[in-house]
Amino acid sequence: MNGNTPYAGLPGETAAGQRAAADIPDLSSSQKRLLHRDVSRIAARTREFLPNEYAVDADVSTGATGPQVTVAVRPPVGHAVSAGFTPDLEDVTEEIITSDERDEVARGLAASAALQVKQAVSDAMTPTAK
């Protein structure tokens, strides 16, 4: 049954459970710098939307399909929220993650983190009026 799955590997070429090296995009040093800069901009933009009590961090790692970007927010109470995605490396010029994409991710993370605080606090507080 493993012979017809993509995880079986190709005899003599790819071991079982491994991907072919040609399938994984390799970043140049300038692409790595651009990607780290863009991810740092997402984290900075997210911090602008939130008070100082929220911890914001960003990470670039290499996954099975290439570079993986993760930006996470830890609110003062409630659960942490994160956004993870694989950036498109085709036609990279001056930025890998566009300004609109950075703003969208930052706004979404800030809103999700604020919602986590609201949900955590609303369970512990009795409303004064309806």
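Biologist: In which helix is the place of Asp103?

Modeller: This model is predicted. Read along the sequence, the protein chain follows the pattern α-β-β-β-α, and it has two helices and three strands. The place of Asp103 is in helix 2.

Biologist: Is Asp103 buried, partly exposed or exposed?

Modeller: The relative accessible area of Asp103 is 21%. A residue counts as buried under 20% and as exposed over 50%. Because 21% lies in between, Asp103 is partly exposed.

Biologist: Is Thr46 buried or exposed?

Modeller: Leaving aside neighbours within four places in sequence, Thr46 is in contact with Val56, Val73, Ala106, Leu109 and Ala110. The relative accessible area of Thr46 is 0%, and the cut-off for a buried residue is under 20%. Therefore Thr46 is buried.

Biologist: Is Arg102 buried or exposed?

Modeller: Arg102 is found in helix 2. Its contacts, leaving aside neighbours within four places in sequence, are Asp38, Arg41, Ile42, Glu95 and Ile97. With a relative accessible area of 9%, against a cut-off of under 20%, Arg102 is buried.

Biologist: What percentage of the residues of the protein chain count as buried?

Modeller: The accessible surface of the protein chain comes to about 8900 Å². Of this surface, 50% belongs to carbon and sulfur atoms. Of the 130 residues of the protein chain, the part that counts as buried is 26%.

Biologist: Which residues touch the most other members of the largest nonpolar core?

Modeller: This core has 23 residues. The elements that give two or more residues to this core are helix 1, strand 1, strand 2, strand 3 and helix 2. Not counting residues up to four places away in sequence, Leu50 touches Val56, Val73, Ala110 and Ala113. The residues that touch the most other members are Leu35, Val39, Leu50, Val73 and Leu109.

Biologist: In which order do the three strands form the open sheet?

Modeller: Strand 1, residues 55-63, and strand 2, residues 66-74, run antiparallel and are joined by nine bridges. Strand 2 is also joined to strand 3, residues 81-85, by five bridges, and these two strands run antiparallel. The three strands form an open sheet in the order 1-2-3.

Biologist: Which strands are the edge strands?

Modeller: The sheet is open, and its pairing is antiparallel. An edge strand here pairs on one side only. The edge strands are strand 1 and strand 3.

Biologist: Which residue in strand 3 stands opposite Thr70?

Modeller: In strand 2, the bridge partner of Asp59 is Thr70. For Val69, the bridge partner in strand 3 is Phe85. Opposite Thr70, the residue in strand 3 is Gly84.

Biologist: Which residue in the turn between strand 2 and strand 3 has a positive phi?

Modeller: A hairpin joins strand 1 to strand 2 through two residues. Strand 2 and strand 3 also form a hairpin, with six residues between them. In the turn of this hairpin, the residue with a positive phi, of about 95 degrees, is Gly78.

Biologist: In which helix is confidence highest?

Modeller: The mean pLDDT of the protein chain is 81, and 72% of its residues reach 70 or more. Where pLDDT is low, the predicted coordinates should not be read in detail. Confidence is lowest in helix 2, at a mean of 89, and it is highest, at 92, in helix 1.

Definitions and conventions. Residues numbered from 1 in each chain as written. Predicted model: local features only at pLDDT ≥ 70, side-chain atom pairs only at ≥ 80, totals over all residues. Heavy atoms only, no water. Pairing = 2+ DSSP bridges. Helix = DSSP H or I, 4+ residues; strand = E, 2+ residues; numbered from the N terminus. Buried < 20%, exposed > 50% of the residue type's maximum accessible area, 1.4 Å probe, protein only. Areas by Shrake-Rupley, 256 points an atom, 1.4 Å probe, with all protein chains shown as cover. Core = buried A, V, L, I, M, F, W, Y, C linked by side-chain atoms within 4.5 Å. Contact = heavy atoms within 4.5 Å. pLDDT = per-residue confidence, 0-100.
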